[in-house]
Amino acid sequence: MKSAPEWVMYLIAFWTFVLVAFVSIGGFFMFRKFLKVLPKKDGKSKLDWQNYWVERSRPLWTEESKALLDKLAAPVPGAFRDIAKHSIAARIGQLAVESGASEVTEAHCIEGYILATPKRDHSFLISFLEKNQIDYSSYRHLLDSAK
């Protein structure tokens with residue numbers, strides 16, 4: 001029986017590395033999702049709290065605040081946009097409910113967007129807000145704490 005040509009063996013090795021890389025990347029994201037579902041000390045997970053705040057604040061959202069949320073979530077890649085919008089909406093809803101507001105305002109949206117964005121992404125967040133001419137000057141202290 002003849003042995004396989006050398007290039008076939010390299011091709012198999014290449015695809016083996018590609019497969020291992022893809023499985024590792026997928027596993028990383030699955031593990032992150034798993035960690036969000038684990039209950040915290042209060043018995044609710046991070047996702048449970050996000051769902052709670054979204055549902056609790058649902059009547060407070062106006063068409064303008066929903067449009068602003070869509071605008072703020074626009075730079076997120078399409079595959080992750082729904083998850084990002086839910087996370088940002090939960091933080092905005094929490095701020096609105098805890099402040100006793102009758103509706104979600106632009107101020108709630110900007111502050112919630114800043115608080116929901118990881119600190120490592122604040123430089124991108126600042127450039128996005130400036131590009132869209134959104135005044136965030138009253139929330140600069142939330143961004144300065146990241147430095």
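Helices in this tour are DSSP runs of H or I with at least four residues, numbered from the N terminus. The structure is a predicted model.

**First stop: Ser57.** Select helix 2, residues 46-57, where Ser57 is placed. Is Ser57 buried or exposed? Its relative accessible area is 0%, so Ser57 counts as buried, the cut-off for that class being under 20%. Next, display Trp53 together with Ser57: a polar atom of the Ser57 side chain lies 2.8 Å from the backbone oxygen of Trp53.

**Second stop: the charged patch.** Select Arg32, Lys40, Lys46 and Arg120, and show the surface. These residues gather there in a patch of positive charge. Now centre the view on Arg120, in the loop that runs between helix 5 (106-116) and helix 6 (122-131). The relative accessibility of Arg120 is 66%, and therefore this residue counts as exposed, as the class requires over 50%.

Most residues other than glycine have a negative phi. With the surface still displayed, Gln133 can be inspected for accessibility: its relative accessible area is 74%, which means that Gln133 is exposed.

Terms used. Residues are numbered from 1 along each chain as its sequence is written. This is a predicted model: local features need pLDDT of at least 70, side-chain atom pairs count only at pLDDT 80 or more; totals for chains, interfaces and linings use all residues. Side-chain values use heavy atoms; hydrogens and water are left out. Patches are made of residues with over 30% relative accessible area and no salt bridge: like charges are joined within 9 Å, nonpolar side chains (Val, Leu, Ile, Met, Phe, Trp, Tyr) within 5 Å. Accessible areas come from the Shrake-Rupley method with a 1.4 Å probe; for residues, only the protein chains shown count as cover. A salt bridge is a side-chain nitrogen of Lys or Arg within 4 Å of a carboxyl oxygen of Asp or Glu. Lys and Arg count as positive and Asp and Glu as negative; His and the chain ends are not counted. The place of a charge is taken as NZ of Lys, CZ of Arg, CG of Asp or CD of Glu. Helices (H or I, at least four residues) and strands (E, at least two) are DSSP runs, numbered from the N terminus. Buried means under 20% relative accessible area, exposed over 50%, partly exposed in between (1.4 Å probe, protein chains only). A polar contact is a pair of N or O atoms within 3.5 Å; within protein, one must be able to donate a hydrogen and the other to accept it, and residues adjacent in sequence count only if both atoms are side-chain atoms.
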